[in-house]
Amino acid sequence: MSPVPTANSLRTDGEGSVSAVDDGRSETWQRQLAGAVRSWRELLRILQIQERDLPPIAQSHTTEAFPVLVPHSFLQRMETGNPRDPLLLQVLPVNAEDQAVAGFTSDPVSDEAARKAPGLLQKYHGRALLITTGTCAVHCRYCFRREYPYHEEPRRPDDWQPAIDCVAGDDSISEVILSGGDPLMLSDRRLEDLLRRLDAIPHLTRIRIHSRLPIVLPARITSSLLALLTGLRCQVIMVVHANHGHEIQKDCVEALTALVRSGLPVLNQAVLLKDVNDDPQVLETLCLKLVGLGVIPYYLHQLDRVQGASHFEVSEARGRQLIRMLADRLPGYAVPRYVREVPGRAGKTRIAE
């Protein structure tokens with residue numbers, strides 16, 4: 001594997017905190033994000049890949065509505081010269097995204113029907129979800145919320161009050177999930193404001209954060225962020241999103257190590273993706289890398305059928321076969337639950353035992 005040269009590195013100190021190594025090239029996560037690749041042509045140039053070696057690239061309509069966005073930290077884990085690199089396939093727009101396929105919709109998990117207040121969704125008993133922001137650090141082409149109406153959700157701190165009041169007024173809710181977009185795209189100041197307001201609700205006991213940033217932009221995991229997350233009354237649970245073992249290396253390893261050593265429970269959710277991880281050896285390697293860092297392989301999701309992502313779908317029959325193979329190779333704690341989200345169900349639906 002010949003990776004793209006790194007633009008930044010991290011270290012873990014003796015207290016389990018992560019900070020940037022001062023090697024003359026380190027920079028804040030915001031600056032790294034500002035320098036992310038935003039063009040598929042630039043992506044291919046850096047990776048030394050010819051367009052002719054790829055499936056037809058999506059042109060103006062798709063890339064304008066859902067543009068390319070890839071941080072250099074994630075990019076430098078891709079293999080130069082490899083048009084089938086599994087990390088590249090997750091972020092490269094192709095013409096298949098413009099194909100209308102029966103059963104693939106703009107709201108595959110019925111988010112709209114679950115909306116209780118601006119920014120607040122509730123699908124399951126005892127849990128509510130906040131759409132904290134519409135922005136992410138990477139644009140995964142299979143994103144189930146790529147068509148979500150983020151412009152209708154709160155943006156300023158005061159706009160969150162109706163959602164917080166709704167949670168505060170329902171003592172059956174014991175857990176709030178911060179999602180998006182990606183909640184770690186909020187600055188520490190804005191994130192702290194939201195977390196403190198939630199932490200003050202007596203009947204809340206857990207706050208779960210779903211984020212891809214520890215994987216694609218590990219510089220976001222700073223000592224100040226860890227101090228915030230570990231200083232709340234509520235138990236904070238971090239759920240990250242890695243799909244392939246090649247994602248778990250370099251600064252990503254150190255960021256995940258810092259999260260685990262801080263005492264936070266850390267879980268991983270992966271999505272089963274055609275030509276990315278629909279292979280038993282690939283999934284086994286991913287699970288073992290996670291377990292080796294103290295991260296629990298929690299879910300393997302069947303693809304949510306969002307329009308534009310049909311080319312990523314793997315059959316459930318193949319998914320069941322893969323889970324059986326993992327169960328034969330791995331200890332039980334290292335085998336993720338294979339699930340899908342079915343609108344109207346009281347929780348995730350287990351596809352295979």
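Helices (H or I, at least four residues) and strands (E, at least two) are DSSP runs, numbered from the N terminus. This is a predicted model, in which local features need pLDDT of at least 70 and side-chain atom pairs count only at pLDDT 80 or more, while totals for chains, interfaces and linings use all residues. Residues are numbered from 1 along each chain as its sequence is written, and side-chain values use heavy atoms, with hydrogens and water left out.

**View 1. Serine 110, a residue with positive phi.** Serine 110 sits in the loop between helix 5 (88-91) and strand 3 (115-117). Its phi is near 55 degrees, a positive value in a residue other than glycine. Most residues other than glycine have a negative phi, and most peptide bonds are trans. Serine 110 is partly exposed, at a relative accessible area of 26%. (Buried means under 20% relative accessible area, exposed over 50%, and partly exposed in between, with a 1.4 Å probe and protein chains only.)

**View 2. Aspartate 275, in the loop between strand 9 and helix 11.** Aspartate 275 is not a glycine, yet its phi is positive, about 70 degrees. Its relative accessible area is 40%, so aspartate 275 is partly exposed.

**View 3. The cis peptide bond from glycine 180 to glycine 181.** Omega is near 25 degrees at this bond. Glycine 181 belongs to the loop between strand 6 (175-179) and helix 7 (188-199).

**View 4. Helix 10 (residues 251-261) and the glycine after it.** Buried residues in helix 10 include Asp251, Cys252, Ala255 and Leu256. Thr257, Ala258 and Leu259 are also buried. Glycine 263 follows the helix, with a positive phi near 100 degrees.

**View 5. The largest cavity, with about 70 Å³ of space.** Rolling a probe the size of a water molecule over the atoms shows where empty space is left. Here a cavity is a set of points, on a 1 Å grid over the protein atoms alone, where a 1.4 Å probe fits but cannot get out; lining residues have an atom within 4 Å of a point. Grid points are joined across faces, edges and corners, and a volume is the space filled by probe spheres set on the points. A search of the whole structure finds two cavities of 30 Å³ or more. The lining of the largest consists of Thr132, Pro157, Trp160, Leu186, Arg190, Asp193, Leu194 and Arg197. By class, four of these are nonpolar, one is polar and three are charged. (Ala, Val, Leu, Ile, Met, Phe, Trp, Tyr, Cys and Pro count as nonpolar, Asp, Glu, Lys and Arg as charged, and the others, Gly among them, as polar.)

**View 6. The second largest cavity, with about 40 Å³ of space.** Its lining is made up of Asn268, Ala270, Leu283, Leu286, Cys287, Leu290, Pro297, Tyr299, Leu300 and Pro336. Strand 9 (266-271), helix 11 (280-292) and strand 10 (296-301) each give two or more residues. Helix 11 provides the largest share, four residues. Nine lining residues are nonpolar, one is polar and none is charged.

**View 7. The salt bridge of glutamate 97 with arginine 146.** Side chains of opposite charge can pair when their charged atoms come close. A salt bridge is a side-chain nitrogen of Lys or Arg within 4 Å of a carboxyl oxygen of Asp or Glu. The count by this rule is 22 salt bridges. In the pair shown, the closest N and O atoms are 2.9 Å apart. The pair links distant parts of the chain, 49 residues apart. Glutamate 97 lies in the loop between helix 5 and strand 3, arginine 146 in the loop between strand 5 (127-131) and helix 6 (161-168). Glutamate 97 is buried, with a relative accessible area of 7%. Arginine 146 also counts as buried, at 15% relative accessibility.

**View 8. Arginine 305 in a salt bridge with glutamate 313.** The closest N and O atoms are 3.0 Å apart. Arginine 305 is partly exposed at 28% relative accessibility. Glutamate 313 is partly exposed at 25%.

View 9. Glutamate 316 is partly exposed at 22% relative accessibility, and arginine 320 is partly exposed at 32%.

**View 10. A network of salt bridges.** Asp111, Lys123, Arg145, Glu341 and Lys348 are linked in this network.

Technical notes:
1 Å grid on protein atoms, 1.4 Å probe; cavity = no way out; pocket = protein on both sides within 12 Å on 5 of 7 lines; lining within 4 Å.
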